[in-house]
Amino acid sequence: MNQSHVAEPMDNTKLLELVAAAQKAALSAYNPYSKFSVGCALLSKSGKIYCGCNIENASYSVTICAERVAASQAILHKDMDWDAIVVVSPERVTMCGVCRQFLCEFTPELRVWSGYLDNTELVGPVLLQEMLPAAMTLARKKE
Ligand code: THU
């Protein structure tokens with residue numbers, strides 16, 4: 001874990017690659033209720049990029065955010081040690097509380113950027129653990 005609680009900047013070319021991947025993922029958003037498209041690109045420390053879009057549901061609370069879709073893809077690949085995430089949307093949003101808790105389970109020191117669907121302006125990096133102080137954790141039991 002990053003003990004200094006400072007989010008290090010990222011190489012600009014890599015960051016732009018993540019923005020492009022997140023913007024492309026947002027095109028797959030299933031959002032007939034809000035019409036709000038969110039896309040994200042999660043960079044693993046292994047160098048792989050996992051993308052996600054929001055998926056809504058007629059039973060609104062069943063909706064899953066883009067961040068948890070990307071994280072789930074990474075988990076499916078047993079790749080849970082992450083470096084950075086870029087989240088894009090029509091107006092800039094900060095990650096919801098449920099996603100903060102979900103991602104914190106795996107990488108509290110994740111660097112988070114947020115931006116837009118149609119340009120490369122970004123806000124960040126912010127450390128996930130700064131966005132969710134005192135995250136709920138449990139001791140993990142040995143198998
Ligand atoms: N949403 C995300 O996918 N990620 C966020 O960080 C914020 C909100 C989605 C959920 C819903 O489909 C739509 O955006 C409006 O809240």
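**Close-up views of a predicted protein model**

**View 1. The largest nonpolar core.** The largest nonpolar core holds 20 residues, and L42, W82, I85, M95, L103, L110 and L128 have the most contacts inside it. A nonpolar core is a set of buried Ala, Val, Leu, Ile, Met, Phe, Trp, Tyr and Cys residues joined through side-chain atoms within 4.5 Å; buried means under 20% relative accessible area (1.4 Å probe, protein chains only). At least two core residues come from each of β1 (39-44), α2 (66-76), β3 (82-89), α3 (97-104) and α4 (128-131). Helices (H or I, at least four residues) and strands (E, at least two) are DSSP runs, numbered from the N terminus. With 4 residues, α2 gives the largest share.

This is a predicted model, where local features need pLDDT of at least 70, side-chain atom pairs count only at pLDDT 80 or more, and totals for chains, interfaces and linings use all residues. Residues are numbered from 1 along each chain as its sequence is written, and side-chain values use heavy atoms, leaving out hydrogens and water.

**View 2. L110 and its contacts.** Which residues does L110 touch, not counting those up to four places away in sequence? They are L42, W82, D83, A84, I85, L103, V126, L127 and L128 (contact means heavy atoms within 4.5 Å).

View 3. Strands β1 and β2 (residues 49-53) pair in the antiparallel sense over 5 bridges; pairing needs at least two DSSP bridges between the strands. Look for L42 opposite Y50 in β2. The hairpin has 4 residues between its strands, and G47 in the turn has a positive phi of about 100 degrees.

Terms used: Buried means under 20% relative accessible area, exposed over 50%, partly exposed in between (1.4 Å probe, protein chains only).
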